[in-house]
Amino acid sequence: MKVLIADDSSMSRKMVLRSLPESLTEDVRQACNGSEVMEAYHAGQVDLLFLDLTMPVMDGFQTLEALKREDANVVVVVISADIQPLARQRVFDLGAAAFVAKPVTAEAVLNALHVIGVL
Amino acid sequence: METLAELTEDQRDALQELMNIAMGQAAERLALLTNTMVTLSVPFIHPLIREQNNLAIPEHLRRSFMIVTRQSFLGELRGEVFVCFGSMGADELAELLGYKGGGLAQQDELMLDVTNILTGACISGLARQVATQVSYDAPSILVHREQEANALDELNLNEHLAMVLEIRFEVQAHQFSCDLLICITERTAGVVVRAIDRLLDEL
C-alpha cells in the first residue's frame with residue numbers, strides 16, 4: 001500500500017511514521033502541504049493518506065475538497081490538533097475515513113486503521 | 001546558552017508543532033463558546049534578542065487592532081499573553097454570544113473572558129506538553145479603542161523576552177478575529193527548549 005504523510009511539521013511527520021505498523025512502512029512518502037499531496041496523487045503515489053489540517057500553501061480542508069472533486073480513490077486519515085467538533089464533522093463530510101487528534105500516538109493510529117478496515 | 005532565539009530548524013519546527021496542538025485546544029474552547037467554527041493559522045515564531053524587553057507588536061496588527069488585553073502566566077514557564085482584538089471584535093463577539101445592547105463595560109468584560117479562555121487553553125496546552133504547570137494572573141485591558149495605540153510603544157515588560165509566538169483565530173462566517181502574542185521570558189525559555197530536545201531525541 002502506498003502511504004503518504006502530509007504535515008508541515010517534520011517532527012509531526014516523524015511521529016506519524018513511528019506510529020505506523022510495519023506492514024505499512026514499505027512505501028511511505030512525505031508531503032509538506034496539500035499541493036504536494038495532489039502532485040503525489042496525480043503521480044499515482046497515494047493509497048492511504050495521513051493528512052494534517054493546518055498547513056501553509058494548501059491546507060487539509062482544501063486538500064480534501066480537491067480530492068473529493070477528483071473523486072479520488074484514496075483513504076484519508078486526518079491527524080490534526082484542530083479538535084473542534086465542527087472541524088471533525090467537516091472532514092468527514094469531505095470524505096475523510098478517520099480522525100486522530102494530535103499529539104498522535106501509535107495506539108490511536110492503529111485503532112483508526114482497524115476501525116476503517118485498513119488493517 | 002538556552003535561548004529560544006537560537007533554535008535550530010528542528011527545534012523551531014517542534015516548538016511550532018507544540019503551539020499548534022495548544023492552539024487547537026484554545027480554538028475548541030472558543031468554538032464551544034461561540035457555537036461556530038474557528039479557523040486556525042499556522043503559528044508564527046518571532047525570536048527576540050537577549051536584551052530586548054519591550055514588545056514589538058507586528059505592524060500588520062498595529063494597523064488593525066482596537067483593543068489589546070494582557071494576561072501573565074507564572075511558574076517554571078513564565079511570560080505574558082497579549083490578545084489583539086480587531087475593530088469589529090467586540091461587537092461581533094457580543095453578537096455571537098447573544099449579548100444585545102450591552103455597554104462598553106460589558107464588552108470589556110467579554111474581551112477579558114475571551115482572553116482568559118484563550119490564554120488558559122494555549123498556555124496550559126503548551127505547559128502540559130513540556131511537563132510543567134503554570135498559574136495565571138487576572139487579565140486586564142492594556143489598550144482600549146478610545147486610547148491611542150501608541151500606548152504600546154511605552155509598554156515595558158518586567159523581564160527579558162526570548163520569544164513571541166503569534167497565533168490568529170478567526171471565527172468562520174463572521175468578522176471576528178483576534179491575534180495572540182505569547183511572550184516567553186528568557187529566564188524560563190530553557191524549560192521549553194529542554195522539552196523540545198527530549199521530544200526530538202525520542203524520534
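Predicted model: local features only at pLDDT ≥ 70, side-chain atom pairs only at ≥ 80, totals over all residues.
Okay, let's begin with chain A. Chain A has 119 residues, and 51% of them count as buried. You'll find 5 helices and 5 strands in there. If you start at the N terminus and read along, the order goes β-α-β-α-β-α-β-α-β-α. As for how the chain contacts itself, take the contacts between residues at least 6 apart in sequence: 62% of those join residues at least 24 apart.

Now zoom in on Asp52(A). Have a look at the loop between strand E3 (48–51) and H3 of chain A, and there's Asp52(A). UniProt, in an unreviewed entry, puts the feature "modified residue: 4-aspartylphosphate" at Asp52(A). That label comes from the record, and an annotation like that may be inferred rather than shown by experiment. So is Asp52(A) buried or exposed? Its relative accessibility is 1%, and buried means under 20%, so Asp52(A) counts as buried. And what does Asp52(A) touch, if we skip residues up to four places away in sequence? We get Ala6(A), Asp7(A), Asp8(A), Gly60(A), Ile79(A), Ser80(A) and Lys102(A).

Two of those names come back in a moment. Gly60(A) takes us to helix H3 of chain A, where the buried residues are Gly60(A), Phe61(A), Thr63(A), Leu64(A), Ala66(A) and Leu67(A). What covers them? Among the elements over the buried residues of H3(A) are helix H2 (34–42), E3, E4 and helix H4 (85–93) of chain A. At its N-terminal end, H3(A) is capped by Asp59(A), with a side-chain oxygen 3.1 Å from the backbone nitrogen of Phe61(A).

After H3(A) comes Asp71(A). Asp71(A) sits in the loop between helix H3 (60–69) and strand E4 (75–80) of chain A. Its phi is positive, about 50°, even though Asp71(A) isn't a glycine. Just for background, most residues other than glycine have a negative phi, and most peptide bonds are trans. Asp71(A) is also exposed, with a relative accessible area of 68%.

The other name is Lys102(A). The peptide bond running from Lys102(A) to Pro103(A) is cis, with omega near 0°. If you want to find Pro103(A), go to the loop between strand E5 (98–101) and helix H5 (106–115) of chain A.

Looking at contacts in chain B between residues at least 6 apart in sequence, 75% join residues at least 24 apart.

An unreviewed entry gives "domain: CheC-like protein" for residues 11–45 of chain B. In the model, that stretch is 69% helix and 14% strand, and its end C-alpha atoms are 12 Å apart.

Now for a pair of helices. In general, two packed helices are described by the angle between their axes and the distance between the axes. Here, helix H1 (residues 9–34) and helix H4 (residues 104–129) of chain B have axes that come within 8 Å and cross at roughly 150°. The crossing of H1(B) past H4(B) is right-handed. Residues making the contact include Leu18(B), Ala22(B), Leu30(B) and Leu33(B) from H1(B), with Val114(B), Leu118(B), Ala121(B) and Leu126(B) among those from H4(B). Sorted by class, the contact has 14 nonpolar, 3 polar and 2 charged residues.

Thr115(B) counts as buried, at 0% relative accessibility. Which side chain joins that of Thr115(B) in a polar contact of 2.6 Å? That would be the side chain of Thr69(B). Leaving out residues up to four places away in sequence, Thr115(B) touches Thr69(B), Gln71(B), Val83(B), Phe85(B), Gly120(B) and Pro139(B).

Ala131(B) isn't a glycine, yet its phi is positive, about 60°. And Ala131(B) counts as exposed, with 65% relative accessibility.

Technical notes
Residues numbered from 1 in each chain as written. Chains lettered and ligands numbered in written order. Heavy atoms only, no water. Axes fitted to C-alpha atoms, helices over the stretch in contact; angles between N-to-C directions. Helix = DSSP H or I, 4+ residues; strand = E, 2+ residues; numbered from the N terminus. Left-handed = near helix turned anticlockwise from the far one by under 90°. Contact = heavy atoms within 4.5 Å. Nonpolar A, V, L, I, M, F, W, Y, C, P; charged D, E, K, R; others polar. Buried < 20%, exposed > 50% of the residue type's maximum accessible area, 1.4 Å probe, protein only. Polar contact = N/O pair within 3.5 Å; in protein donor to acceptor, adjacent residues only side chain to side chain.
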